[in-house]
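I opened this entry to record what I looked up about packing, aromatic contacts and surface. The notes follow in the order of the look-ups.

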Amino acid sequence: MQTLILALQIVLALGIYNVWLVRHNRATPYRGGGAENLRAEFAAYGLPVWMMYVVGGIKLAAATALLVGIWIPMLVPVAAAVLAFMMLGAISMHVKIHDSLKQKMPAIAMLAMALLLVYLVV
């Protein structure tokens, strides 16, 4: 079970880092509204630019807490719960602008992994 918990922590954290640090300025088939980058995606959702920084900061902090949680396990349930909450927000934004299921799938998968992680560590 510890191996599954560790794998979930790493996959969730690296997934967030990938979207927010590596691919933030690149188009992907999963971007909301067919946006070319994160800034355009938040605009497609009708959100202000400052919200992108707030959401990104929260997600990156939670991802970092998941990795630090390898050594400080008490961080894991809180970080996973925060990511689950953020993924609910992401899914709701995709629904708001009528994105396809394909565009919603990364957020749905991240939500499922975060909820499973909360369940396993609480």
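Predicted model: local features only at pLDDT ≥ 70, side-chain atom pairs only at ≥ 80, totals over all residues.

**Aromatic pairs**

I found two aromatic pairs in the structure. For W20 and F42 I read a centre distance of 6.0 Å and a plane angle of 70°, so this pair is edge-to-face. I looked up the exposure of each partner. W20 has a relative accessible area of 11% and is buried; F42, at 7%, counts as buried too.

The other pair joins F42 to Y45, and I recorded it as edge-to-face, with 6.2 Å between centres and 70° between planes. Y45 is buried, as is F42.

**Nonpolar core**

Which residues of the largest nonpolar core touch the most other members? I listed L12, I16, W20, L66, L83 and L117, out of 28 residues in that core. I checked the contributing helices next: α1 (2-22), α2 (38-44), α3 (49-68), α4 (76-96) and α5 (101-121) each supply at least two residues. The largest share, nine residues, comes from α4.

Leaving aside neighbours within four places in sequence, I found L12 in contact with L66, L83, M110, M113, A114 and L117.

**A glutamate in α2**

I turned to E41, which lies in helix α2. Is E41 buried or exposed? I read a relative accessible area of 8%, and E41 is buried. Beyond its neighbours within four places in sequence, E41 is in contact with Y30, R31, G32, A35 and H94.

**Nonpolar surface patch**

I noted a nonpolar patch of about 840 Å², made by L6, I10, L14, V68, I70, W71, I72, M74 and L75. Helix α1 gives the largest share of this patch, three residues. I located W71 in the loop between α3 and α4. Its relative accessibility is 68%, and W71 counts as exposed because the cut-off for that class is over 50%.

Key:
Residues numbered from 1 in each chain as written. Heavy atoms only, no water. Core = buried A, V, L, I, M, F, W, Y, C linked by side-chain atoms within 4.5 Å. Buried < 20%, exposed > 50% of the residue type's maximum accessible area, 1.4 Å probe, protein only. Helix = DSSP H or I, 4+ residues; strand = E, 2+ residues; numbered from the N terminus. Contact = heavy atoms within 4.5 Å. Phe/Tyr/Trp six-rings, centres within 6.5 Å; stacked < 30°, edge-to-face > 60°. Patch = residues over 30% accessible without salt bridge, like charges linked within 9 Å, V, L, I, M, F, W, Y side chains within 5 Å. Areas by Shrake-Rupley, 256 points an atom, 1.4 Å probe, with all protein chains shown as cover. Salt bridge = Lys/Arg side-chain N within 4 Å of Asp/Glu carboxyl O.
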